Amino acid sequence: MTFSSNSSHQRPVDRAPGTPDLADMRPDDWVERWLPRSWGPYARLCRLDRPVGTWLTLLPCLAALVQAADGWPTLFRLVIFSLGALLMRGIGCCFNDIFDRNFDSQVERTRFRPLTSGQLSLKNALWFVFAQLAVCALLLLALNNYSRWLAVALVPIVIVYPLCKRFTYWPQVVLGIGFNWGMLMAWSDTQNSVPMGAIALWLGAVLWQVGYDSVYAYVDLRDDLKLGLRSAAMRFGENGRAWIGGFYAATVILWLWGGYDMGMNWPYYVVVAAIGAHFAWQISVFDLGRPDRSFMLFRANITVGVMLIVAALAGTVLPL
């Protein structure tokens, strides 16, 4: 029996000696050190303390902004879409924790989150969600009409995602659609249209997310089985490497075709090929029995997001 803690909340956890602590809330991070104590639960609820998801939302969107602008997007759009990615990811995390508050206490990774540990009341969490949605509504004023309607269409996707794991093995598909929605909005706001090449790149990003979030889902597989929740990892079972490798391969194909349809310069394809090599490395080191390695591989996809931006710049800014 070992103990893990988050602030003043401690709870015993049954874990074999020598195995890593998978809890995603840490008592010694910047939230604990720098923010007022009353702010900490809100920062953790919207995952400010865990920015990987925000980067994975933002980076594909920035790549789409570059491609839609055929080079460097305006600073104004960069700021608006960055704030939008931060807020929508935070809103999605809030809804996830609200719906899952009775499950999270029974999952090793999530047992110290603010709602399930009692650091934050449901009422205050809902008020916090409404406040974030209000700020998002103000950001809509900076977008064109096409993009505003796309933003409105995103809201039900964000809300329904946490419920999907109750009735389908494919919640990662819904998550991928919502996480990468900003790519479509980048095109709609920049060019007032969404060409087929852009849709292909977006679909590639959706499949990419199904792949890397399935890697992440293997961390919770044991707990999800006990609770009767579903995920793509549960559907893949022992064939996870083959399934995830297939999704990564489809991602590369869609990104290659999308770049071709948009007339990207040849350096774009070189970088996408490098992304394919990175995916191959991920599959080669993926281990179904190593949750700590799944964490590492999930975070490694930030590199893929950065490379996607580099590919966009290489395909538009670099000369032929």
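Contact here means heavy atoms within 4.5 Å. The model is predicted.

**Exercise 1.** State which residues Trp-255 touches, leaving out residues up to four places away in sequence.

Solution. Apply the contact cut-off to Trp-255. The partners are Leu-201, Gly-204, Ala-205, Trp-208, Tyr-268, Val-272, Ile-275, Phe-279, Val-304 and Leu-308.

**Exercise 2.** Determine why helix α9 (residues 181-191) is described as largely enclosed by the rest of the structure.

Solution. Step one: find the buried residues, those under 20% relative accessible area. In α9 these are Trp-181, Gly-182, Met-183, Leu-184, Met-185, Ala-186, Trp-187, Ser-188 and Asp-189. Step two: since 9 of the 11 residues are buried, α9 is largely enclosed. Step three: identify the cover. The buried residues of α9 pack against α3 (52-69), α4 (75-99), α7 (145-164), α8 (171-179) and α10 (196-217). Step four: look past the helix end, where Asn-192 follows with a positive phi, near 60°.

**Exercise 3.** Classify Leu-83 as buried, partly exposed or exposed, and name the surface patch it belongs to.

Solution. Leu-83 lies in helix α4. Its relative accessibility is 39%, so Leu-83 counts as partly exposed. Leu-83 belongs to a nonpolar surface patch with Trp-30, Trp-34, Leu-48, Leu-75, Val-79 and Leu-86; together the patch has about 710 Å² of accessible area. Finally, assign the patch to helices: α1 (30-34) and α4 each supply at least two residues, and α4 gives the most, with 4.

Conventions:
Residues are numbered from 1 along each chain as its sequence is written. This is a predicted model: local features need pLDDT of at least 70, side-chain atom pairs count only at pLDDT 80 or more; totals for chains, interfaces and linings use all residues. Side-chain values use heavy atoms; hydrogens and water are left out. Buried means under 20% relative accessible area, exposed over 50%, partly exposed in between (1.4 Å probe, protein chains only). Patches are made of residues with over 30% relative accessible area and no salt bridge: like charges are joined within 9 Å, nonpolar side chains (Val, Leu, Ile, Met, Phe, Trp, Tyr) within 5 Å. Accessible areas come from the Shrake-Rupley method with a 1.4 Å probe; for residues, only the protein chains shown count as cover. A salt bridge is a side-chain nitrogen of Lys or Arg within 4 Å of a carboxyl oxygen of Asp or Glu.
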